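Q: I'm new to this one, could you take me through it step by step?
A: Gladly, here is the structure to look at while we talk.

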Amino acid sequence: LRSIQDVLVACLLTERTRLSSSAMNVATAYGAGPMHETSFVCDCLLPPLFKLCERTNKIIVSRAQTALKDIFRAHPMTRTTLPKLQDAMASQNKMLRSTVMDLLDLILTKERPELLLEMQDALEKAIKQGLLDAAPNVRE
């Protein structure tokens, strides 16, 4: 997948729904597979999937949210994951912020307590940012 990373990201971010959906299927299948390198999956797939969550097309947004949740279920959180989530929380798009809060909830329920303790300060900051959000669906 490293060899076609640029093409995959371009296909994910295209305005053509069928092409973007097909690329999302590839990204989800690859990202949800537990055999793959976690840091590569996070660095390659998270930013474009976050951008898809900011779109107005509800089908694309829903599929991107599902892909993100599948990836987070399959891979442990890494040190590079949390800064990406915090950056996404700074977005003006409330759908993306709501998605990030769902991912944080998933992280808190799935990850090992030792890992959570290592990243406690950053997690608290991200959760606090979400709880103080103006949008009610983000706070929930």
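What follows is a short chat about pockets, a helix and a few single residues.

Q: What kind of model is this, and how are residues numbered?
A: This is a predicted model, in which local features need pLDDT of at least 70 and side-chain atom pairs count only at pLDDT 80 or more, while totals for chains, interfaces and linings use all residues. Residues are numbered from 1 along each chain as its sequence is written, and side-chain values use heavy atoms, with hydrogens and water left out.

Q: What volume does the largest pocket have?
A: The volume is about 150 Å³; a pocket here is an open set of points on a 1 Å grid over the protein atoms alone, with protein on both sides within 12 Å along at least five of seven lines, and lining residues have an atom within 4 Å of a point.

Q: Which element gives the most to its lining?
A: Helix α6 does, with six residues, and the elements giving two or more are α6 (94–110), α8 (120–131) and α9 (136–139). Helices are DSSP runs (H or I, at least four residues), numbered from the N terminus.

Q: Which residues line that pocket, for instance?
A: Among them are Ser 98, Met 101, Asp 102, Ile 127 and Arg 139, and the lining divides into six nonpolar, two polar and four charged residues.

Q: Switching topic, which residues of α5 are buried?
A: In α5 (residues 81–89), Thr 81, Leu 82, Leu 85, Ala 88 and Met 89 are buried, where buried means under 20% relative accessible area, exposed over 50%, and partly exposed in between (1.4 Å probe, protein chains only).

Q: Where do they sit around the helix?
A: They cover an arc of only 120° around the axis, which puts them on the same side of α5; the arc is that of the directions from the helix axis to the C-beta atoms.

Q: What do they pack against?
A: The buried residues of α5 pack against α3 (38–53), α4 (58–74), α6, α8 and α9, with contact meaning heavy atoms within 4.5 Å.

Q: How many disulfides are there?
A: The structure holds zero disulfides, a disulfide being a pair of cysteine sulfur atoms within 2.5 Å. For Cys 11, the nearest cysteine sulfur, that of Cys 44, is 12 Å away.

Q: And Glu 124, where does it lie?
A: Glu 124 lies in helix α8, and at 44% relative accessibility this residue counts as partly exposed.

Key:
On a 1 Å grid over the protein atoms alone, a cavity is a set of points where a 1.4 Å probe fits but cannot get out, and a pocket is an open set with protein on both sides within 12 Å along at least five of seven lines; lining residues have an atom within 4 Å of a point. Grid points are joined across faces, edges and corners, and a volume is the space filled by probe spheres set on the points. Ala, Val, Leu, Ile, Met, Phe, Trp, Tyr, Cys and Pro count as nonpolar, Asp, Glu, Lys and Arg as charged, and the others, Gly among them, as polar.
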